[in-house]
Amino acid sequence: MTAQILSGREVADVVRAEVAARVSALADRGRTVGLATLLVGGDPASQIYVRNKHRAARDAGMLSFDRTLPADATQADVEAVIGELNASTEVDGIIVQLPLPHGLDGNRAVETVDPAKDADGLHPHNLGLLVLDRPGPRPATPSGIMRILGHYGVATQGRRAVVVGRSFLVGRPMAMLLGAKGTDATVVQAHSRTPQLSSVTREADILVVAVGSPRLIGPAAVKPGATVIDVGTNRTEDGLVGDVDFDGVVEVAGAITPVPGGVGPMTIASLLANTVTAAERFATGAPDRHPGG
Ligand code: NAP
């Protein structure tokens, strides 16, 4: 058996077209939509990520604001720029490109962002809304994965899901979204201290792997017919590879996301979606700075 390939590029095209239509509808009412990034230092990978986000924002008809600070910027410098972006009426979504250079506190920087402009969905206020199952911007990568599952009609209700990884960026919010009311998967969260990982992952109807370890999950760790979502992006001598041994697992799984072209494109699409949702709320004069509050 060869698994169905779940193309994140295909789903991202759909989401980006929806976002562009919503941006255009706001433009018809005289309202622009703006996405701002803050990059500190000159890390080449971060520069590429930021460039891709600006390109995607402009393609969707948004204004994009590119703020950069030198690597020797202070925490006060970082928070001053975020304060300016919070105050700008042209900016609806803010991304602080993480990680920040050594000596700066990325968590504090994220907490300085106005929760209503939190394009990444990582502000503690918004993570709290996720836990409470109340509306708010969701973390971009897990919400992109939920959209992939929905697009391809992967059933979740009553299915057993295993999420490998428990970072606040991917693993934890992923487990919450899969187990939320209405989605209704039964979720197990695995991590580096999970004994006999492959016997746990073999129980999964839906297996999400967000570890950062090239080809950690082989075919013996996958239940035949399972849906496998590979979040990992590992730069190796063979190029970009996921956390899943794609060539082996594709013969066992029922469906699988490739790397590249799987989860990655959905992360950017979700950032854009969070930004246009924020703009719509601002345009309707939403009374508070706390979506869902
Ligand atoms: P992270 O913060 O380093 O978290 C990794 C998680 O994996 C931790 O919870 C860790 O467990 C767990 N882990 C480590 N080794 C393990 C093992 N041998 N067995 C089981 N669990 C293990 O990483 P992250 O930010 O979640 O990112 C994970 C991967 O996704 C990375 O490759 C990253 O580049 C990629 N990523 C991709 C996208 C995208 O858009 N495609 C977005 C975000 C991240 P402990 O908690 O016990 O340490």
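Q: Leaving aside its neighbours within four places in sequence, which residues is Gln-75 in contact with?
A: Contact means that heavy atoms lie within 4.5 Å, and by that rule Gln-75 is in contact with Leu-104, Asp-105, Arg-108 and Ala-109, once its neighbours within four places in sequence are set aside. This is a predicted model, in which local features need pLDDT of at least 70 and side-chain atom pairs count only at pLDDT 80 or more, while totals for chains, interfaces and linings use all residues. Residues are numbered from 1 along each chain as its sequence is written, and side-chain values use heavy atoms, with hydrogens and water left out.

Q: Where does Gln-75 lie, and is Gln-75 buried or exposed?
A: Helices (H or I, at least four residues) and strands (E, at least two) are DSSP runs numbered from the N terminus, and Gln-75 lies in helix 3, which covers residues 75–87. Buried means under 20% relative accessible area, exposed means over 50%, and partly exposed is in between, with a 1.4 Å probe and protein chains only; Gln-75, at 12% relative accessibility, therefore counts as buried.

Q: With which side chain does the side chain of Gln-75 make a polar contact?
A: A polar contact is a pair of N or O atoms within 3.5 Å; within protein, one must be able to donate a hydrogen and the other to accept it, and residues adjacent in sequence count only if both atoms are side-chain atoms. Here the partner is the side chain of Glu-79, at 2.9 Å.

Q: Where does Asp-205 lie, and which residues does Asp-205 touch?
A: Asp-205 is in the loop between helix 8 (197–201) and strand 7 (206–209), and because its relative accessible area is 15%, Asp-205 is buried. Not counting residues up to four places away in sequence, Asp-205 touches Arg-159, Arg-160, Lys-223, Ala-226 and Thr-227, and a polar contact of 2.8 Å joins its side chain to that of Lys-223.

Q: Which residue has a positive phi of about 65 degrees although it is not a glycine?
A: That residue is Asp-184, which lies in the loop between helix 7 (171–179) and strand 6 (186–190) and counts as partly exposed because its relative accessibility is 28%. Arg-215, likewise not a glycine, has a positive phi of about 55 degrees; Arg-215 lies in the loop between strand 7 and strand 8 (227–230), and with a relative accessible area of 38% Arg-215 is partly exposed.

Q: How many residues surround the ligand, and which are the closest?
A: A residue is near a molecule or strand if one of its heavy atoms lies within 4 Å of it; 21 residues surround the ligand, and the closest are Arg-166, Ser-167, Ser-192, Thr-233 and Thr-267. Helix 10 gives the most to this shell, with three residues.

Q: Which polar side-chain atoms lie 2.7 Å from an oxygen atom of the ligand?
A: A polar side-chain atom of Thr-233 lies at that distance, and so does one of Thr-267, while a polar side-chain atom of Ser-167 lies 2.5 Å from an oxygen atom of the ligand.
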